Amino acid sequence: MKPKLAFYWCASCGGCEEAVVDLAEKVLDVVAAVDIVFWPVALDFKRTDVEAMPDGSIAAAFINGAIRTSEQEEMAKLLRRKARIVVAFGACAQTGGVPGLANLYDRESLLRAVYSESPSTLNPEGTRPAPHYATNGAALELPVFWDRVRALGQVIPVDYSIPGCPPTPKLLADAVAALLTGSLPERGAVLAPDKALCEECPRRESKPDKLAITRFRRPHETLIETDRCLLAQGLLCLGPATRAGCEARCIQGNMPCTGCFGATSRVRDFGAKALSSIASLTGSNDEAEIIRILENIPDPVGTFYRYSLPAAPLPGKRPNRAGK
Amino acid sequence: MTKPSARIGVYICHCGTNIAGTINVAALREFAATLPGVIVARDYKYMCSDPGQELIKADIAQHGLERVVVAACSPHLHEHTFRTACEEAGLNPYLCHMVNIREHDSWVHSGEAATAKARDLLRAAVQRVAWNRPLERRSIPIRQSVLVVGGGIAGIHAALTLANAGKKVYLVEREPTIGGHMAMFDKTFPTLDCAACILTPKMTAVKDHPNITLWTYSEVIGVEGFVGDFKVRVRRKPRYVIEDLCVGCLECIEACVYKQPKFYDEFNQGLGKRKPIYIPFPQAVPQVVVIDPETCIEFKSGKCKKTCLEACGERQAIDFGQQETIETIEVGAIILATGYKAFDASRIPYYGYGVYPNVYTALEVERLINAAGPTGGELVLRDGRKPRSVGIVHCVGSRDEHTNRWCSRVCCMYSLKLAHLVKERTGAEVYNFYIDMRTPGKAFEEFYNRVAEEGVHFIRGKVADVYPAETDGRLILRAEDTLLGQVRKIPVDMVILATGLEPQADATEVRRLFNISCSSEGWFLERHPKLAPVNTFTDGIFLAGCCQGPKDIPDTVAQAGAAAAEAMQLLDTGSIELEPNTAYVLEEVCSGCKTCVGLCPYNAISFLPEKNVAQVNEALCKGCGTCVAACPSASIRQHLFEDEQIFEEVVGVLA
Amino acid sequence: MPEATAPVGQNQTAAFEPKIVAFFCNWCTYLAADLAGTSRLRYAPNVRVVRVMCSGRVDPQFVLEAFAQGADGVLIGGCHPNDCHYQEGNYKALRRYHLLRRMLEQMGVEPERFRLEWISASEGERLRQVVNEMVEQVRALGPFRKSEQFEPAEEAVAR
Ligand SMILES: Cc1cc2nc3c(=O)[nH]c(=O)nc-3n(C[C@H](O)[C@H](O)[C@H](O)COP(=O)(O)OP(=O)(O)OC[C@H]3O[C@@H](n4cnc5c(N)ncnc54)[C@H](O)[C@@H]3O)c2cc1C
Ligand code: SF4
Ligand code: SF4
Ligand code: SF4
Ligand code: SF4
Ligand code: FES
């Protein structure tokens with residue numbers, strides 16, 4: 001019997017699903033070797049179908065996206081019951097991802113921004129989604145929008161993670177192959193190399209031995225050379241802090257690494273570590289000058305925790321002084 | 001990494017009542033016994049006493065302890081004691097950790113809060129010590145040779161002291177001769193010894209000493225390595241004269257196509273002239289001439305008759321094609337004796353130096369009154385007249401927030417010396433303008449009294465202005481006499497500016513080259529102002545003389561002797577032990593991002609392109625941990641201060 | 001009994017004792033704390049010192065971990081500029097501090113809770129002042145509460 005696989009998406013942009021589709025011809029091999037029993041994006045199965053399956057009957061569930069709503073949490077728990085292996089697929093599931101940056105705001109300000117204040121909002125009645133809504137005699141249930149974004153591992157136990165925003169098709173193919181051949185590593189592992197990106201960066205030879213950055217530039221502020229280490233050009237490349245395995249795609253697109261593959265296993269807190277390495281390279285010992293140079297990094301949280309705020313030691317903005 | 005489990009012993013010291021009088025040691029011991037991994041917990045009156053240490057040793061043997069935590073005083077006091085005790089009991093010394101519950105707790109806090117703090121610190125220590133790993137102290141042999149940089153009196157004295165003790169010495173001096181500033185003086189305060197009489201024999205001794213290799217006209221251009229094993233590269237500039245062949249007859253100088261000397265003579269501060277081929281001063285060491293390519297016709301046009309070469313004849317010492325050479329030497333220790341530079345008097349425009357010909361610096365006057373100087377020791381003005389009145393301005397460039405804030409320490413004394421010498425040679429009236437008279441050395445005050453008795457006038461006040469009198473062109477010194485409380489204007493024939501001492505212009509480059517620190521003014525920084533005054537923070541590099549700060553010759557010589565003794569002590573130990581808290585790279589996971597490479601203040605980290613990884617030279621690493629905090633993939637770690645150990649402490653104190 | 005005696009319970013809730021984690025360099029600030037001890041300078045007992053060789057060893061991860069574990073404030077102590085035992089470690093600390101400080105502010109951590117101070121081995125008195133001042137400021141701010149976090153399901157396996 002072919003092993004059963006499930007794919008599911010939570011708070012995500014859909015890019016991870018693309019990565020699955022991007023397996024291209026390989027997808028057919030995978031499809032031939034496995035039985036996909038649940039994949040809402042592509043196949044017409046319902047939640048009830050999953051509920052009907054015996055517990056532990058799915059070999060592996062690949063879940064992408066962070067957890068923001070009650071429905072996502074329920075589905076994650078359901079799949080956890082049904083699947084023998086749960087893989088957090090992509091940065092959002094692994095560490096919260098870009099949606100996790102919403103933890104810098106509380107729910108009320110998010111709702112206010114989206115349903116009243118944003119310039120493109122037209123909502124004179126101030127309508128907001130309500131979990132329970134009755135119309136024409138029918139009762140509609142909407143998922144609850146939690147106050148916080150969580151990574152998948154903060155909701156259910158996760159066996160493996162595949163990093164990336166999105167992961168590369170190769171990592172997925174490798175993971176499936178390992179699953180089929182029973183060669184998965186120890187539980188808890190991240191299925192990507194445990195070295196940082198500079199290792200596989202095509203520009204690594206142009207990186208100087210000693211860097212002292214006196215001006216941090218954002219990509220739109222400069223003409224980016226195509227063959228020189230981006231950090232050496234003052235661009236905030238987080239490649240040194242980020243796991244390899246992405247095949248340096250951003251670098252090949254002439255864009256600095258923003259860290260979507262997350263930290264290596266030896267680092268507990270991606271943001272703090274990345275911040276430490278970048279700040280250390282500031283090219284001055286003079287306090288005023290240091291402050292001035294670092295001002296070119298206007299949004300440290302967004303820069304260093306772009307993909308991992310919910311999984312960070314301080315997983316978001318604190319309630320303010322007055323308490324909640 | 002999974003948390004290691006270990007059999008831990010905890011020892012809580014009473015330190016008499018120092019600790020036990022404040023902290024409830026019994027409660028602390030009971031608490032310690034509940035901590036995971038703790039096999040024995042004891043408290044004792046004086047842990048550092050022999051019976052205290054025996055307690056630990058016995059437990060190591062009896063309970064098979066794998067880790068030891070001692071809650072007592074500061075690790076700066078007794079870490080070594082307890083590590084050694086563990087070592088004697090067969091436990092690696094680095095498996096022992098101290099908790100400071102005295103200086104950081106019982107001596108500064110009271111009541112339950114003190115005991116609560118001790119509990120937190122102890123918990124943290126127990127959690128962290130589980131991660132400690134056995135480490136080896138490494139020891140490396142020390143090369144039995146010393147490099148001395150700078151051949152002033154400091155360098156000369158240090159080199160001779162070491163050479164006499166049988167050490168091999170390389171003395172590198174960048175000028176064509178050794179001697180430094182002292183060689184310029186006629187007499188030295190306060191004894192008025194003739195400088196040449198006491199210095200020249202030492203200079204010759206350097207040249208003749210079998211243990212000293214003297215390289216003048218040379219500069220250090222590269223320093224690698226570390227205490228015990230420095231690799232130094234020295235550039236020997238071409239003097240266009242082969243040192244070994246020149247016998248110092250000076251016939252070439254006589255024969256030069258320039259019949260008269262006509263070029264700026266550095267050694268005489270430009271007061272005299274020299275030829276393109278010259279010797280800085282008659283007693284120069286080595287007695288070897290040097291050709292200045294800037295002024296030599298052969299170098300400028302290639303069309304000189306080269307009468308010098310003819311004069312040298314068979315000796316064939318002159319070599320117009322000489323090239324610079326680079327020598328590489330290996331030494332165990334280095335003494336820096338690069339001296340000082342005199343303050344540039346033209347930086348203070350209102351004293352008119354460089355504007356009025358009769359305003360001189362003290363160094364110029366030192367040359368004028370030197371019997372071997374440009375005037376043969378006669379103190380005359382530029383027009384040949386003998387001055388009948390002379391004003392000496394103290395503190396030029398010193399003790400002034402616009403120039404240098406420090407006191408240069410020697411100017412009052414050498415001003416007194418010059419006052420005496422001027423009076424002796426010319427009989428002129430001498431006026432010394434001082435802010436405070438600083439004569440705090442042995443026999444200094446007596447010297448001051450003597451000069452005062454000789455009839456030198458002392459005016460307490462800072463000279464505000466020097467300007468020519470309209471009538472006779474003499475120079476008027478205007479100062480507020482703070483003792484009389486009135487402004488005085490004193491006309492003189494000659495003004496002498498007692499310029500202060502400054503760090504060498506290239507002190508920063510030299511400091512970087514040798515990887516030592518400077519004070520904010522630029523003087524080389526000693527390791528401790530009182531207890532390690534000739535050591536630097538870089539092991540194996542010592543300081544002597546004015547490069548460390550202004551001082552007179554007696555102090556310079558004393559310091560040079562001390563530096564030589566320190567170097568000798570180091571060499572005689574034969575080998576040195578290094579603390580094992582060094583950084584190391586996990587090569588299999590280092591991404592080669594190079595973040596760490598440039599951060600190390602000791603250049604201990606190098607990048608290996610073949611392997612694409614960073615590598616720490618453990619002998620160069622001092623264990624600051626800066627690179628460890630910066631490595632973005634946590635691939636460089638530090639012994640004794642591993643991430644896990646620090647995290648455990650953080651968690652431990654907060655639990 | 002005088003009326004002024006306040007109800008005990010009320011007083012106790014008012015007395016919040018902040019916990020401050022301090023990272024002190026071995027050569028300056030740690031020695032300053034030793035000196036404060038030998039000089040018997042009493043100061044607030046709220047600080048827990050973690051000894052590192054140099055302020056340059058302080059990884060921002062430690063600072064965030066301290067807050068996450070319930071510290072109400074974090075203090076880093078190092079040698080004055082130019083005086084670092086390792087020449088430049090304190091400058092590295094300074095560089096990290098300024099970026100980290102701004103990041104913590106974005107996360108709603110009040111600036112008084114995170115300080116970097118240069119305290120030399122001879123400045124026991126200054127150590128006392130800094131600690132006392134910081135404890136007072138943090139006490140006034142109240143306990144540090146990190147943002148409401150959902151309890152992770154069992155242990156967070158993957159990061
Ligand atoms: C006007 C004047 C009068 C003084 N009179 C007296 C006095 O009467 N009595 C007294 O006790 N003190 C006197 N002093 C102070 C005295 O000059 C110093 O105490 C003494 O010269 C210090 O010796 P030193 O070897 O440290 O430095 P220096 O004499 O400056 O010697 C340093 C040597 O190092 C060489 N050097 C520098 N950099 C390098 C380099 N990078 N590589 C190789 N070589 C280098 C220099 O060329 C020089 O030869 C006087 C000072 C002044 C300015
Ligand atoms: S810093 Fe970025 S651009 Fe430079 S080598 Fe590393 S990954 Fe490549
Ligand atoms: S070990 Fe330290 S604390 Fe204990 S008795 Fe000795 S000096 Fe006192
Ligand atoms: S610990 Fe300090 S001295 Fe050692 S390699 Fe790292 S930066 Fe250099
Ligand atoms: S910073 Fe870390 S990963 Fe980068 S070269 Fe150094 S040890 Fe390797
Ligand atoms: S040793 Fe104190 S800050 Fe570096």
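Which residue forms a salt bridge with Glu117(C)? The answer is in the first view. This is a predicted model, in which local features need pLDDT of at least 70, side-chain atom pairs count only at pLDDT 80 or more, and totals for chains, interfaces and linings use all residues. Residues are numbered from 1 along each chain as its sequence is written, chains are lettered from A in the order in which they are written, and side-chain values use heavy atoms, with hydrogens and water left out.

**View 1. A salt bridge within chain C joins Glu117(C) and Arg126(C).** The closest N and O atoms are 2.9 Å apart. A salt bridge here is a side-chain nitrogen of Lys or Arg within 4 Å of a carboxyl oxygen of Asp or Glu. Glu117(C) is buried, at 14% relative accessible area. Arg126(C) is partly exposed, at 28%. Buried means under 20% relative accessible area, exposed over 50%, and partly exposed in between (1.4 Å probe, protein chains only).

**View 2. Chain C meets chain A.** Here 44 residues of chain C contact 53 residues of chain A; contact means heavy atoms within 4.5 Å. The two chains bury about 4400 Å² between them, 59% of it on carbon and sulfur atoms. Buried area is the accessible area (1.4 Å probe) lost when two parts are put together, summed over both. One salt bridge crosses this interface. It pairs Asp59(C) with Lys273(A), N to O, at 2.9 Å. On the chain C side, α3 (60-68) and α4 (89-106) each supply at least two residues. Helix α4(C) gives the most, with 13 residues. Helices (H or I, at least four residues) and strands (E, at least two) are DSSP runs, numbered from the N terminus.

**View 3. Val146(B) sits in strand β6 (residues 145-149) of chain B.** Val146(B) counts as buried because its relative accessibility is 0%. Val331(B) is 185 residues away in sequence, yet the C-alpha atoms are 5.2 Å apart. Beyond neighbours within four places in sequence, the contacts of Val146(B) include Leu162(B), Tyr170(B), Ile334(B) and Leu571(B).

**View 4. Strand β4 (residues 96-100) of chain B is mostly covered.** Five of its five residues are buried. Cys96(B), Met98(B) and Asn100(B) point one way, while His97(B) and Val99(B) point the other. In a regular strand the side chains alternate between the two faces of the sheet. Strand β3 (residues 67-72) of chain B pairs with β4(B) in the parallel sense over five bridges; pairing requires at least two DSSP bridges between the strands. Ala72(B) stands opposite Asn100(B).

**View 5. Thr536(B) lies in the loop between α14 (507-514) and β29 (541-543) of chain B.** Thr536(B) counts as buried, with 0% relative accessibility. Its side chain reaches the backbone oxygen of Ile541(B) at 2.9 Å. Among the residues that Thr536(B) touches, not counting those up to four places away in sequence, are Ile516(B), Leu525(B) and Arg527(B).

**View 6. Arg409(B) and Asp555(B) meet in a salt bridge.** The N to O distance is 2.4 Å. The pair links distant parts of the chain, 146 residues apart: Arg409(B) is in the loop between β21 (389-396) and α12 (411-426), and Asp555(B) is in helix α15 (residues 553-573). Arg409(B) is partly exposed, at 44% relative accessible area. Asp555(B) is also partly exposed, at 31%.

Key
A polar contact is a pair of N or O atoms within 3.5 Å; within protein, one must be able to donate a hydrogen and the other to accept it, and residues adjacent in sequence count only if both atoms are side-chain atoms.
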